[in-house]
Amino acid sequence: GVADEIKGRLEELRAHLGEEIEDSAFEELQQQNRDLARVLAELEEKREQLEELNRQLGESNRELNEANAKLRELAELREEFLALTTHDLRSPLTVISGVISFFTSGRLGELSPEQKNMVSMMERNTQNLIELVNDLLDASKLESGAIRLDVSSLDVRRVLDELRESIDPLAKEKGIELVETVPADLPAVEADRAKLRRILLNLLSNALKFTQKG
């Protein structure tokens, strides 16, 4: 009767709910599969991007290595050029300096004041060129780490006195007075005499060069 009818309805309801649960679980599983496929596709895309970045990085490293090799080659060529140039310049300058010394020695007789001025000017310019060649050579050695210093105890005032002989004629030509204000109690310095002399000479020469006449 009624009990059997209710039991039958309950069984139908239970069967219907079971089907919905099974359908819902299947749909959820399908959604999870779709999500997993999407994640895998994204991972594959990231992997391809990473491979492309690695390829670009490898190409950049190759180009960088080639650029470094070219820079080393250019540096070697520059050093070789400087070495050859300074050597080729030194030889004729040494000859010219020797000829000038021959004139100033008096072995050709007494020079007129005008001749003395001309020879003195030639001597100064030749010395300036020699100093320039030495500067180029030292710059090349300094960059390559091959420069050596002969350090000793020096009296700066004596070095300045020696430089005055070279600088005074240039100062007189421009009507500039050189004033030396070195303390009497200035202690000795530890330095390379030739390098210190060249530094001071360059500073004084630039000062005269860029100071207006008079």
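Tutor: A search of the whole structure finds eleven salt bridges. That term stands for a side-chain nitrogen of Lys or Arg within 4 Å of a carboxyl oxygen of Asp or Glu. Before we visit some of them, please keep in mind that this is a predicted model, in which local features need pLDDT of at least 70 and side-chain atom pairs count only at pLDDT 80 or more, while totals for chains, interfaces and linings use all residues. Residues are numbered from 1 along each chain as its sequence is written, and side-chain values use heavy atoms, with hydrogens and water left out.

Let's start with E59 and R62, a salt bridge whose closest N and O atoms are 2.4 Å apart. The two are three residues apart in helix α1 (residues 2-104), so about one helical turn separates them. Helices (H or I, at least four residues) and strands (E, at least two) are DSSP runs, numbered from the N terminus. E59 counts as partly exposed because its relative accessibility is 30%, and R62 gets that label at 38%. Here buried means under 20% relative accessible area, exposed means over 50%, and partly exposed is in between (1.4 Å probe, protein chains only).

Next comes R164, which forms a salt bridge with D168, with 3.4 Å between the closest N and O atoms. These residues sit four apart in helix α3 (residues 156-173), so they too are separated by about one helical turn. R164 is partly exposed at 27% relative accessibility, and D168 is partly exposed at 21%. Salt bridges can also link up: those that share partners join E44, R47 and E51 into one network.

One more pair is R157 and D155, whose closest N and O atoms are 3.4 Å apart. R157 is partly exposed, with a relative accessible area of 26%, and D155 is partly exposed at 28%.

Now let's step back to the whole chain. The protein chain has four helices and two strands, and along the sequence they follow the pattern α-α-β-α-β-α. Of its 214 residues, 14% are buried.

Where do nonpolar residues gather? In the largest nonpolar core, which has 13 residues, the members that touch the most others are L160, L163, L196, L200 and L208. Two or more residues of this core come from each of α3 and α4, and α3 gives the most, with six residues. A nonpolar core is a set of buried Ala, Val, Leu, Ile, Met, Phe, Trp, Tyr and Cys residues joined through side-chain atoms within 4.5 Å. In soluble globular proteins, nonpolar side chains tend to be buried together.

Helix α4 (residues 193-209) deserves a visit of its own. This helix has 17 residues and reaches 24 Å from its first C-alpha to its last, close to the 24 Å expected; the expected span is 1.5 Å times one less than the number of residues. Its buried residues are L196, R198, L200, L201 and L208.

At the start of α4, a side-chain oxygen of D192 comes within 3.1 Å of the backbone nitrogen of A194. The D192 side chain also reaches the backbone nitrogen of K195, at 3.1 Å. Such a polar contact is a pair of N or O atoms within 3.5 Å; within protein, one must be able to donate a hydrogen and the other to accept it, and residues adjacent in sequence count only if both atoms are side-chain atoms. D192 itself lies in strand β2 (residues 189-192) and is buried, at 9% relative accessibility.

Finally, back to α1. A nonpolar surface patch of about 360 Å² is made by L36, V39, L40 and L43, and V39 is found in helix α1 with a relative accessible area of 34%, so V39 is partly exposed. Patches are made of residues with over 30% relative accessible area and no salt bridge, with like charges joined within 9 Å and nonpolar side chains (Val, Leu, Ile, Met, Phe, Trp, Tyr) within 5 Å. A83 is also placed in helix α1; A83 and L136 are 53 residues apart in sequence and 8.9 Å apart in space, C-alpha to C-alpha.

Technical notes: Accessible areas come from the Shrake-Rupley method with a 1.4 Å probe; for residues, only the protein chains shown count as cover.
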